[in-house]
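Here is a short briefing on a single protein chain, grouped by topic. Please have a look at the model first, then read on.

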Amino acid sequence: MAKQPAKAPSQRQLRVAEEIRQALSQALERGDIYDPDLTRRPVTITGVNLSPDMRNAMVSFTPLGGGEAETSLKALTRQKGHLRNHVAHTVHMKYVPALRFVEDKSFDVADHIGALLRDPHVAQDLAKDRSVDQEDEDD
């Protein structure tokens, strides 16, 4: 049997996910959740993806200043219950979703693409493409 394509999140899912992201960010920013690993290396909550039934939330984070995310992941996992409790008091929902934390690697990918574009060989190719485009416009 063929697998059905995934649906895009609904407006409600997006709105609730943003409320959860803000609640988690505020809890970590204000220091409502105390963990020595989170105090030493603060994290930024970059996004939340909710399951269609809104019972599970995948929370993306990145450590401020980059670096090792493994200790931050362990600390967030240890504090999962406290963070979920904070979400329950902040975001009014029938069911509070279970939180699962994952490192957001999109910043690393963006840095890698930027480095590739700054490579002299790629810059040389881009300069050739621009000169060809200029010649086409002049004609």
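The protein chain exposes about 10000 Å², with 52% of that supplied by carbon and sulfur atoms (Shrake-Rupley method, 1.4 Å probe). This is a predicted model, where local features need pLDDT of at least 70, side-chain atom pairs count only at pLDDT 80 or more, and totals for chains, interfaces and linings use all residues. Residues are numbered from 1 along each chain as its sequence is written, and side-chain values use heavy atoms, leaving out hydrogens and water.

**Fold**
- Six helices and three strands make up the secondary structure (DSSP runs of H or I, at least four residues, and of E, at least two).
- From the N terminus on, the order is α-α-β-β-α-α-β-α-α.
- Of the 139 residues, 28% are buried (under 20% relative accessible area, 1.4 Å probe, protein chains only).

- Not counting residues up to four places away in sequence, L76 touches L28, L38, V43, F61, L83 and F101 (heavy atoms within 4.5 Å).

Conventions: Buried < 20%, exposed > 50% of the residue type's maximum accessible area, 1.4 Å probe, protein only.
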